[in-house]
Amino acid sequence: VNPDIPLIGIVSRLVSQKGFDLISYMMPEIIRENLQVVILGTGEHQYQSMFNYYDSHFPNKVSARITFDSAFAQQIYAGSDMFLMPSLFEPCGIGQMLAMRYGTLPIVRETGGLKDTVIPYNKYTGEGNGFSFKNYNAHEMLNTINYAKQIYFDHRDKWNGIAFRGMEKDYSWRNSEQEYSKL
């Protein structure tokens, strides 16, 4: 890992539902960027093969572990700068909440639980706890990654503020229980 380059973490089932066709389409562009990617998961053969290919051909940019390892997953959540979750649909989503707890900024597609929990950074108001894109579109995903990267490099104070807001958010049952009691 090059500590001067943002690290994108992915911990997921490697299946179409999770948006891996978008990632697959944009991997050549992603590896050309000033970024690193670490992937952990198992799933559909085409995605496992793709990540293994990039791992073997671009070892300074991509690390893929095609397995499930909960201890390594925690290291990815904690050690990444960004957490990519471009799901086609996502009823709840836990990965983005775990990432935020560690101060890792999520980049998600606005759907289901991802839209409910990730408030996109607003450069005018300073609000937000991550980054998001609306349409299920590979170029829109890459533009959002590049926007996050630009904030990371050019506005580290804002980046840190986004991370702290994500870390402060309480998604526990205790919070849900209090909201339910108010109803």
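This is a short walk through the structure, one selection at a time.

Before you click, note that the model is predicted, with local features needing pLDDT of at least 70 and side-chain atom pairs counting only at pLDDT 80 or more, while totals for chains, interfaces and linings use all residues. Residues are numbered from 1 along each chain as its sequence is written, and side-chain values use heavy atoms, with hydrogens and water left out.

Show the strands: six of them form an open, parallel sheet in the order 3-2-1-4-5-6. Helices (H or I, at least four residues) and strands (E, at least two) are DSSP runs numbered from the N terminus, and two strands pair if DSSP finds at least two bridges between them. Strand 3 (62-65) and strand 6 (131-133) are the edges, each pairing on one side only.

**Select residues 7-11 and 36-40.** These are strand 1 and strand 2, parallel and joined by five bridges. Look for Ile10, whose bridge partner in strand 2 is Ile39.

**Now select 82-85.** This is strand 4, where Met82 and Leu84 point one way, Phe83 and Met85 the other, and all are buried. Buried means under 20% relative accessible area, exposed over 50%, partly exposed in between (1.4 Å probe, protein chains only). On one side, strand 4 pairs with strand 1 in the parallel sense over two bridges; Phe83 is the bridge partner of Gly9. Four bridges also join strand 4 to strand 5 (residues 105-109), again parallel, and Leu84 has Ile107 as its bridge partner there.

Residues making the contact include Leu22 and Met26 of helix 1 and Met141 and Ile145 of helix 6; contact means heavy atoms within 4.5 Å.

**Last stop: Thr144.** Beyond its neighbours within four places in sequence, Thr144 is in contact with Ile107, Phe131, Ser132 and Phe133.
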